[in-house]
Amino acid sequence: MISKILGKIRGNRVGYNIGRKVLSTPIITNNGIYNHLYDKKINKSIEKLSKQYPWGVDIGTTNLCNAECIMCPHSKLKKMGTMDMKLYKKIIDNCKKLNIKIITLSFFGEPFLDKTIIERIKYAKGKGMSVAFYSNASLLTEDLANKIVDSGLDSISISFDGYSKETYEKIRKKLKFDVVKKNILNLIETKRKMKKNNPSINLVLVELEENKGEIKQFYREWKNKVDSINIINMRNWANDIQKKGTKESFHFNKKIKRKPCALIWQKMVVDWDGDVVLCCDDWNHSTVLGNLKKQTIEEIWKGEKLNKIREAHVNDEFDKVPLCSGCNKKSVWWMVD
């Protein structure tokens, strides 16, 4: 219930700004009373989540991408490919067995570069799952828009990091603002024509020095066109991106006491080759927990390697996990049910 309320507040521009200010203020977040209540919430959530399997699985069916974004380390990738359909179906069937109902067909690539993405959506939907993915929408043609709406996809989050052409193309290099905007509007219109409620269309903007002056205009332009707008703080991809973040971003505030990361109790992340990596920031497979070609979700999720990492987080020993030691991403446990 709390997470739903906070989610609605965060989806509003004023609510987002207020929430960011609160989370970025050490006098509040490091306060003894606040910390006591927050730690109590975290411990309760961890106790509950430790008895369960992940509530969702991110499957990167491909790590190919057609953009070169200034806040992303994708250009450093050495190995790229697309997931074998047999492996994909094995993972989905494993999720079905464990009653995992939330599947995100994204990790570190552009889903529309996977030529079998529609087939993958339909397979997971046929197993009764909620399916979503992230896209830059540059390849979302009219034909694909029709197929996406018809596929049963529940949600598509589109990365769209600027109100103006100049700003957008400065951030999302190799992509064309006019093409992406046209594709988004066409998807909205396709949904209307086909009289479908899904997929929900959500815009995601990473707040950077380059675009923070346009956020008010961005909201005004899109708030009545799409289902939601999510402004997110820039992260450093576990210290692989050194670009300066916005001053307001609580991810960059070192004065705020660090807490365990909620992601390692909530979601499993699988890349195209079957590797299960620690989290959605582990783009270069620095911490591989196992591989679903040879293992099951159960074996990896309850395995010794992940349990030791969770233990390090609980004990405030982040330096024991190289990936986590340099990461600046902070969880908001109030959002965890």
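Reply: Gladly! Let's start with Lys-165, Glu-169 and Asp-178, which are linked in a network of salt bridges. This is a predicted model, where local features need pLDDT of at least 70, side-chain atom pairs count only at pLDDT 80 or more, and totals for chains, interfaces and linings use all residues. Residues are numbered from 1 along each chain as its sequence is written, and side-chain values use heavy atoms, with hydrogens and water left out.

Me: What makes the contact of Asp-39 and Lys-259 a salt bridge?

Reply: The term asks for a side-chain nitrogen of Lys or Arg within 4 Å of a carboxyl oxygen of Asp or Glu. For Asp-39 and Lys-259 the N to O distance is 2.7 Å, so the pair qualifies. The structure holds 18 salt bridges.

Me: Which parts does the pair of Asp-39 and Lys-259 tie together?

Reply: Asp-39 lies in helix H4 (residues 32-49) and Lys-259 in the loop between S8 and helix H11 (263-266), so parts 220 residues apart in sequence are tied together. Helices (H or I, at least four residues) and strands (E, at least two) are DSSP runs, numbered from the N terminus.

Me: Why is Lys-259 called buried, and why is Asp-39 called partly exposed?

Reply: Buried means under 20% relative accessible area, exposed means over 50%, and partly exposed is in between (1.4 Å probe, protein chains only). Lys-259 has 13%, so the label is buried. Asp-39 has 30%, so the label is partly exposed.

Me: How do you know that Asp-161 and Arg-172 are linked, and are they buried or exposed?

Reply: Their side chains meet in a salt bridge at 2.5 Å, N to O. Asp-161 lies in the loop between strand S5 (155-159) and helix H8 (165-171), and Arg-172 in strand S6 (residues 172-173), so this pair ties together parts eleven residues apart in sequence. Asp-161 has 0% relative accessibility and counts as buried, and Arg-172, at 10%, counts as buried too.

Me: What makes S3 and S4 a pair of strands?

Reply: Two strands pair if DSSP finds at least two bridges between them. Strand S3 (residues 102-104) and strand S4 (residues 130-135) have three, in the parallel sense, so they pass. In S4, Ser-130 is the bridge partner of Ile-102.

Me: Why are S8 and S11 at the edges of the sheet?

Reply: The open sheet has nine strands in the order S8-S7-S5-S4-S3-S1-S9-S10-S11, with mixed pairing. Strand S8 (228-233) and strand S11 (288-291) each have a single partner strand, so one side of each is left without a neighbour in the sheet.
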